[in-house]
Amino acid sequence: ADFIAQSEPSEIEIADGKDISAVDQAINELAAFLADQTAAVDVKSWASKRMRVFFEVEQWVAAVRQYDFVVGNRFHGNMIAIQNDIPAFVVCHDTRTEEMCRFSGLPHANIVELDQLSVSDLYDSVNVDTLNARYDQLFPRYVQLLTLNGLEPTQKMALESKQPSFVNHGSIERVLDHERR
């Protein structure tokens, strides 16, 4: 599984990989943080192969389209997946993220409530009917807000308001099989 760095400077340093001394320092900090869970050599190997960062949205979208499922703690990173019909689950690390997920209908759980992460359980909790119902409630209100403020919705927005945007991707087995490869 890949990790897409979005906000923490040390994570971005690792993923960007340009400043070797900063990368080494950041990986050592990450390894120290995870010392009671895994060996430092494994952290270093995983981080060098699997941490990524994007500075252009188009590149990020292209990469996300290659995934079968996205789990993350950043609201907007998961929204990029959802907007590209990739199921996503948010692990909330603060109340702001949790409130945005609740408001928008994104599948989520508070990190302190998760005893053990099971990809199958997280995947199964993605309910596209809930997402579509919430989208159907919120989108017309958004268009109305634009119109009331003298902004004209685009033709694409008009089309999106008439059709659900999220699709059911079926069984978790396809995701797990891909991860095993």
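User: Leaving aside neighbours within four places in sequence, which residues is T97 in contact with?

Analyst: Those would be N73, F75, V90 and C92; contact means heavy atoms within 4.5 Å. Keep in mind that this is a predicted model, where local features need pLDDT of at least 70, side-chain atom pairs count only at pLDDT 80 or more, and totals for chains, interfaces and linings use all residues. Residues are numbered from 1 along each chain as its sequence is written, and side-chain values use heavy atoms, with hydrogens and water left out.

User: Why is T97 called buried?

Analyst: Buried means under 20% relative accessible area, exposed over 50%, partly exposed in between (1.4 Å probe, protein chains only). T97 comes in at 2%, so it counts as buried. Buried residues make up 35% of the 181 in the chain.

User: Where does T97 sit?

Analyst: In helix α6, residues 95-104, which lies across β4 and β5 and runs at about 145° to β4. Helices (H or I, at least four residues) and strands (E, at least two) are DSSP runs, numbered from the N terminus. Angles run from 0 to 180 degrees between N-to-C directions, with axes fitted to C-alpha atoms, for helices over the stretch in contact.

User: How do you know that β4 pairs with β5?

Analyst: Pairing takes at least two bridges found by DSSP. Strand β4 (residues 88-92) has 3 to β5, and they run parallel, so they pair. V90 stands opposite H108 in β5.

User: What makes β3 and β5 edge strands?

Analyst: The open sheet has the order β3-β4-β5. β3 (70-72) and β5 (108-110) each have a single partner strand, so one side of each is left without a neighbour in the sheet.
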